[in-house]
Amino acid sequence: MKILAVYYSRTGTTEAVARSAADLLAEMGHALTRVALQPRVDLPYPLWLALSFVPGSRFPVAAPPDPSGFDACLLALPKWTFACPPVNTFLAQHGSRLPPTAVLVTCGGWDQDRYLAQLERRLQGQGVSVLGGLALRKKELQGDPLPQILSDLLGTCFPVSGS
Ligand SMILES: Cc1cc2nc3c(=O)[nH]c(=O)nc-3n(C[C@H](O)[C@H](O)[C@H](O)COP(=O)(O)O)c2cc1C
(Lines give C-alpha, C1' and ligand atoms only; values in the text may rest on other atoms or scores of the structure.)
Protein backbone atom coordinates (compact mmCIF):
# COMPACT_ATOMS: atom_id res chain seq x y z
CA MET A 1 0.00 0.00 0.00
CA LYS A 2 1.10 3.57 -0.64
CA ILE A 3 0.70 5.20 2.77
CA LEU A 4 0.93 8.85 3.79
CA ALA A 5 1.97 9.30 7.43
CA VAL A 6 1.17 12.91 8.26
CA TYR A 7 1.65 14.32 11.73
CA TYR A 8 1.94 17.43 13.80
CA SER A 9 4.17 17.49 16.85
CA ARG A 10 5.19 20.48 18.94
CA THR A 11 7.45 18.84 21.53
CA GLY A 12 8.42 15.60 19.84
CA THR A 13 6.18 12.95 21.39
CA THR A 14 3.89 12.54 18.40
CA GLU A 15 6.85 12.75 16.05
CA ALA A 16 8.61 9.84 17.79
CA VAL A 17 5.46 7.73 17.56
CA ALA A 18 4.79 8.69 13.94
CA ARG A 19 8.39 7.84 12.98
CA SER A 20 8.27 4.46 14.71
CA ALA A 21 4.88 3.67 13.19
CA ALA A 22 6.08 4.66 9.71
CA ASP A 23 9.25 2.58 10.13
CA LEU A 24 7.18 -0.45 11.11
CA LEU A 25 4.81 0.03 8.17
CA ALA A 26 7.80 0.27 5.82
CA GLU A 27 9.27 -2.93 7.32
CA MET A 28 5.92 -4.59 6.65
CA GLY A 29 6.43 -3.77 2.97
CA HIS A 30 4.34 -0.63 2.53
CA ALA A 31 5.58 2.40 0.60
CA LEU A 32 5.74 5.23 3.13
CA THR A 33 5.77 8.99 2.75
CA ARG A 34 6.17 10.71 6.12
CA VAL A 35 5.39 14.43 6.35
CA ALA A 36 5.38 16.77 9.36
CA LEU A 37 2.89 19.64 9.38
CA GLN A 38 4.92 22.80 10.04
CA PRO A 39 3.12 25.89 11.31
CA ARG A 40 4.28 28.97 9.39
CA VAL A 41 5.42 30.38 12.75
CA ASP A 42 5.96 28.52 16.01
CA LEU A 43 3.97 30.45 18.58
CA PRO A 44 4.90 30.52 22.25
CA TYR A 45 3.05 28.00 24.42
CA PRO A 46 0.53 30.47 25.96
CA LEU A 47 -0.67 31.46 22.47
CA TRP A 48 -1.04 27.84 21.35
CA LEU A 49 -2.88 27.15 24.57
CA ALA A 50 -5.25 30.06 23.97
CA LEU A 51 -5.93 28.93 20.40
CA SER A 52 -6.51 25.36 21.54
CA PHE A 53 -9.52 26.56 23.54
CA VAL A 54 -11.26 27.75 20.38
CA PRO A 55 -13.01 24.79 18.76
CA GLY A 56 -12.22 24.62 15.05
CA SER A 57 -9.39 27.16 15.27
CA ARG A 58 -6.85 27.04 12.45
CA PHE A 59 -3.26 28.15 12.00
CA PRO A 60 -1.45 28.30 8.63
CA VAL A 61 0.94 25.49 7.83
CA ALA A 62 3.76 25.52 5.27
CA ALA A 63 3.19 23.21 2.27
CA PRO A 64 0.76 20.66 3.71
CA PRO A 65 0.87 17.39 1.74
CA ASP A 66 -1.81 16.56 -0.80
CA PRO A 67 -3.15 13.12 0.16
CA SER A 68 -4.46 12.40 -3.35
CA GLY A 69 -2.91 9.30 -4.85
CA PHE A 70 -2.26 7.49 -1.56
CA ASP A 71 -4.05 4.23 -0.71
CA ALA A 72 -4.20 4.96 3.01
CA CYS A 73 -3.16 7.51 5.60
CA LEU A 74 -1.92 7.56 9.17
CA LEU A 75 -2.76 10.88 10.84
CA ALA A 76 -0.97 11.55 14.14
CA LEU A 77 -1.45 14.55 16.39
CA PRO A 78 -1.33 15.68 20.01
CA LYS A 79 -4.55 16.16 21.99
CA TRP A 80 -4.92 19.88 22.57
CA THR A 81 -7.84 21.07 24.71
CA PHE A 82 -10.56 21.47 22.03
CA ALA A 83 -8.48 22.04 18.89
CA CYS A 84 -5.08 21.52 17.31
CA PRO A 85 -4.98 24.48 14.87
CA PRO A 86 -2.28 23.26 12.42
CA VAL A 87 -4.13 19.96 12.01
CA ASN A 88 -7.44 21.77 11.57
CA THR A 89 -5.89 23.73 8.71
CA PHE A 90 -4.66 20.54 7.04
CA LEU A 91 -8.08 18.91 7.41
CA ALA A 92 -9.89 21.99 6.10
CA GLN A 93 -7.64 22.10 3.02
CA HIS A 94 -7.18 18.41 2.27
CA GLY A 95 -9.43 16.38 4.59
CA SER A 96 -12.00 15.53 1.95
CA ARG A 97 -9.24 13.99 -0.23
CA LEU A 98 -7.90 11.70 2.47
CA PRO A 99 -7.87 7.99 1.62
CA PRO A 100 -8.92 5.49 4.33
CA THR A 101 -7.24 6.84 7.45
CA ALA A 102 -6.13 5.62 10.88
CA VAL A 103 -5.84 8.22 13.63
CA LEU A 104 -3.27 8.35 16.38
CA VAL A 105 -3.51 10.85 19.25
CA THR A 106 -0.86 11.42 21.91
CA CYS A 107 -1.92 13.12 25.12
CA GLY A 108 -1.21 13.94 28.73
CA GLY A 109 -4.11 11.77 29.78
CA TRP A 110 -7.26 13.83 30.10
CA ASP A 111 -10.31 13.84 27.86
CA GLN A 112 -8.53 12.03 25.02
CA ASP A 113 -11.29 9.52 24.27
CA ARG A 114 -13.87 12.22 23.59
CA TYR A 115 -11.32 14.08 21.45
CA LEU A 116 -10.47 11.00 19.41
CA ALA A 117 -14.13 10.12 18.89
CA GLN A 118 -14.89 13.69 17.81
CA LEU A 119 -11.99 13.68 15.35
CA GLU A 120 -13.13 10.38 13.89
CA ARG A 121 -16.66 11.77 13.45
CA ARG A 122 -15.25 14.86 11.78
CA LEU A 123 -13.28 12.77 9.29
CA GLN A 124 -16.32 10.62 8.58
CA GLY A 125 -18.32 13.81 8.04
CA GLN A 126 -15.76 14.76 5.38
CA GLY A 127 -16.37 11.42 3.68
CA VAL A 128 -13.21 9.75 4.98
CA SER A 129 -13.26 6.05 5.85
CA VAL A 130 -11.76 5.75 9.34
CA LEU A 131 -9.72 2.55 9.67
CA GLY A 132 -9.19 2.81 13.41
CA GLY A 133 -8.01 5.12 16.14
CA LEU A 134 -5.87 5.08 19.25
CA ALA A 135 -5.07 7.57 22.01
CA LEU A 136 -1.73 7.02 23.76
CA ARG A 137 -0.62 8.78 26.92
CA LYS A 138 2.85 10.34 26.88
CA LYS A 139 3.70 8.29 29.97
CA GLU A 140 2.95 5.03 28.12
CA LEU A 141 5.35 6.04 25.34
CA GLN A 142 8.39 6.87 27.45
CA GLY A 143 11.09 4.39 26.52
CA ASP A 144 8.92 2.75 23.84
CA PRO A 145 7.36 4.89 21.11
CA LEU A 146 5.86 1.73 19.56
CA PRO A 147 3.86 -0.10 22.23
CA GLN A 148 2.29 -3.44 21.31
CA ILE A 149 -1.20 -1.93 21.16
CA LEU A 150 0.02 0.41 18.40
CA SER A 151 1.76 -2.36 16.42
CA ASP A 152 -1.47 -4.35 16.63
CA LEU A 153 -3.52 -1.41 15.37
CA LEU A 154 -1.14 -0.84 12.45
CA GLY A 155 -1.29 -4.50 11.48
CA THR A 156 -5.09 -4.41 11.50
CA CYS A 157 -5.51 -1.09 9.71
CA PHE A 158 -2.80 -1.60 7.09
CA PRO A 159 -2.79 -5.29 6.17
CA VAL A 160 -0.17 -6.50 3.74
CA SER A 161 -1.78 -7.87 0.62
CA GLY A 162 -1.33 -11.61 0.29
CA SER A 163 -0.89 -12.11 4.05
C1 LIG B 1 -1.83 23.69 24.03
C2 LIG B 1 -1.84 22.30 24.63
C3 LIG B 1 -3.02 21.75 25.09
C4 LIG B 1 -3.06 20.44 25.61
N5 LIG B 1 -4.25 19.94 26.04
C6 LIG B 1 -4.28 18.65 26.49
C7 LIG B 1 -5.51 18.07 26.90
O8 LIG B 1 -6.57 18.70 26.89
N9 LIG B 1 -5.50 16.77 27.30
C10 LIG B 1 -4.35 16.02 27.36
O11 LIG B 1 -4.41 14.84 27.72
N12 LIG B 1 -3.16 16.56 26.99
C13 LIG B 1 -3.10 17.84 26.57
N14 LIG B 1 -1.91 18.39 26.18
C15 LIG B 1 -0.68 17.57 26.27
C16 LIG B 1 -0.29 16.97 24.92
O17 LIG B 1 -1.38 16.33 24.27
C18 LIG B 1 0.82 15.91 25.08
O19 LIG B 1 1.87 16.42 25.82
C20 LIG B 1 1.27 15.44 23.72
O21 LIG B 1 1.82 14.14 23.80
C22 LIG B 1 2.32 16.38 23.13
O23 LIG B 1 2.64 15.92 21.84
P24 LIG B 1 3.89 16.55 21.04
O25 LIG B 1 5.12 16.34 21.89
O26 LIG B 1 3.95 15.75 19.80
O27 LIG B 1 3.63 17.99 20.80
C28 LIG B 1 -1.85 19.68 25.68
C29 LIG B 1 -0.64 20.25 25.22
C30 LIG B 1 -0.63 21.53 24.69
C31 LIG B 1 0.67 22.13 24.18
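S6, helix H4 (residues 112-125) and S7 make up a β-α-β unit of the right-handed kind; right-handed here means that, with the strands pointing away from the viewer, the path from the first strand over the helix to the second runs clockwise. Helices (H or I, at least four residues) and strands (E, at least two) are DSSP runs, numbered from the N terminus. The model is a predicted one, so local features need pLDDT of at least 70 and side-chain atom pairs count only at pLDDT 80 or more, while totals for chains, interfaces and linings use all residues. Residue numbers start from 1 along each chain as its sequence is written.

The two strands of that unit, S6 and S7, pair in the parallel sense over seven bridges, pairing being called when DSSP finds at least two bridges between two strands. Across this pairing, threonine 106 sits opposite leucine 136 in S7. On the other pairing, strand S5 (residues 72-78) runs parallel to strand S6 (residues 101-107) over six bridges. Here cysteine 73 has threonine 101 of S6 as its bridge partner, and leucine 77 stands opposite valine 105 in S6. To get from S5 to S6 the chain passes through helix H3 (residues 85-94), and this β-α-β crossover is right-handed.

Taken as a whole, the open sheet has five parallel-paired strands in the order S2-S1-S5-S6-S7. Its edges are strand S2 (31-36) and strand S7 (130-137), each of which pairs on one side only. From one strand to the next, the twist averages 15°. Helix H6 (residues 148-157) packs on the sheet and touches S6 and S7, with its direction at about 170° to that of S7. Axes are lines fitted to C-alpha atoms, for helices over the stretch in contact, and angles run from 0 to 180 degrees between N-to-C directions; contact means C-beta atoms, placed from the backbone, within 7 Å.

How many residues of S6 are buried? Seven of the seven are, so S6 is largely enclosed by the rest of the structure. A residue is buried if 20 or more other C-beta atoms lie within 10 Å of its own, exposed if 12 or fewer, and partly exposed in between, with C-beta atoms placed from the backbone. Thr101, Val103, Val105 and Cys107 point one way from S6, Ala102, Leu104 and Thr106 the other way, and all are buried. In H3, seven of the 10 residues are buried, so this helix too is largely enclosed by the rest of the structure. Among the buried residues of H3 are Phe90 and Leu91, and the cover over the buried set includes strand S1 (2-7) and S5.

Out in S2, valine 35 has 16 C-beta neighbours inside 10 Å and so counts as partly exposed. Leaving out residues up to four places away in sequence, valine 35 touches Leu4, Val6 and Pro65.

As for the ligand, 22 residues surround it, the closest being Ser9, Thr13, Thr14, Pro78 and Gly108; a residue is near when its C-beta atom, placed from the backbone, lies within 6 Å. Helix H1 (13-27), helix H2 (45-52) and S6 each put at least two residues into this shell.

Conventions:
Two residues are in contact if their C-beta atoms, placed from the backbone, lie within 7 Å.
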